[in-house]
Amino acid sequence: MANANFPRGLVPQRGTSGQYVTGNLEHFIHDSGDSTALYVGDPVKITGTNYTLNNQSLPGITRASTGDVMDGVIVAILPDSRDSLPYVAASTSRIVMVDTDPNSLYEVQDTNSGTSLTDAAVGLNVNFVGSGGNATYGWSAVTLDNTTEAAANTLDLKIMGIVNRADNASGDTGPAKFLVRINRHRLANQIAGV
């Protein structure tokens with residue numbers, strides 16, 4: 001049976017020591033001057049500017065691009081009304097919660113194009129790819145770029161394992177889901193793959 005093709009960005013699973021996902025959740029602001037929409041599961045970086053929204057002064061964030069040093073992953077978007085969208089629309093101010101723990105592990109699927117990643121990729125580093133997301137559910141469209149896996153320490157994510165579930169098999173038809181941690185994290189050293 002083929003693996004399901006349903007990207008959701010980086011989905012928190014647990015910490016590197018096996019602890020439940022507690023992360024280091026922090027509030028940030030996506031400013032209305034930012035024309036990039038944000039979704040749950042998007043990797044983000046700080047902008048270096050504080051903004052005020054709902055009487056809270058918080059650091060600004062924007063979506064990270066491949067090669068950026070990241071601050072974490074969006075795990076929730078706070079509603080500003082009962083009619084709030086499940087994502088942050090472009091050029092809209094919203095408060096988001098970000099897991100900034102460099103030891104968090106995330107589930108993410110590969111891109112489902114070209115040669116699929118296999119168990120042999122565990123321990124290597126890889127970049128992410130994708131932008132935008134699912135406007136209905138508010139999930140990110142970020143996936144693993146299966147053409148970039150290598151030992152180089154400059155790549156975005158480190159592949160820690162394959163998700164061990166009945167609906168997931170590496171090298172099978174359809175994209176596989178992997179456990180990764182952020183390799184280019186502002187609070188951790190970049191480490192080469194093995």
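V11 has its bridge partner in β7: E107. The model is predicted, so local features need pLDDT of at least 70 and side-chain atom pairs count only at pLDDT 80 or more, while totals for chains, interfaces and linings use all residues. Residues are numbered from 1 along each chain as its sequence is written, and side-chain values use heavy atoms, with hydrogens and water left out.

**Sheet**
- Five strands form an open sheet in the order β1-β7-β14-β13-β8, with antiparallel pairing.
- Strands are DSSP runs (E, at least two residues), numbered from the N terminus; two strands pair if DSSP finds at least two bridges between them.
- β1 and β8 (125-126) are the edge strands, each with a single partner strand, so one side of each has no neighbour in the sheet.
- β1 and β7 run antiparallel and are joined by four bridges.

**L105 in β7**
- L105 lies in strand β7.
- L105 is buried, at 3% relative accessible area (buried is under 20%, exposed over 50%, partly exposed in between, with a 1.4 Å probe and protein chains only).
- Beyond its neighbours within four places in sequence, L105 is in contact (heavy atoms within 4.5 Å) with residues including V11, P12, M160 and L179.
- L105 and G161 are 56 residues apart in sequence, yet 9.9 Å apart C-alpha to C-alpha.

**Nonpolar cores**
- A nonpolar core is a set of buried Ala, Val, Leu, Ile, Met, Phe, Trp, Tyr and Cys residues joined through side-chain atoms within 4.5 Å.
- The largest has 18 residues; L10, L144, L157, I159 and V180 touch the most other members.
- β7, β13 (157-162) and β14 (177-182) each supply at least two residues of this core, and β14 gives the most, three.
- A second, separate core has 13 residues, among them L38, Y87, V88 and V96.

**Largest pocket**
- The largest pocket holds about 180 Å³ of space.
- A pocket is an open set of points on a 1 Å grid over the protein atoms alone, where a 1.4 Å probe fits, with protein on both sides within 12 Å along at least five of seven lines; lining residues have an atom within 4 Å of a point.
- The volume is the space filled by probe spheres set on the points, which are joined across faces, edges and corners.
- Of the 13 lining residues, F6, R8, E107, R165 and K177 are closest to the centre of the largest pocket.
- β7 provides the largest share of the lining, three residues.
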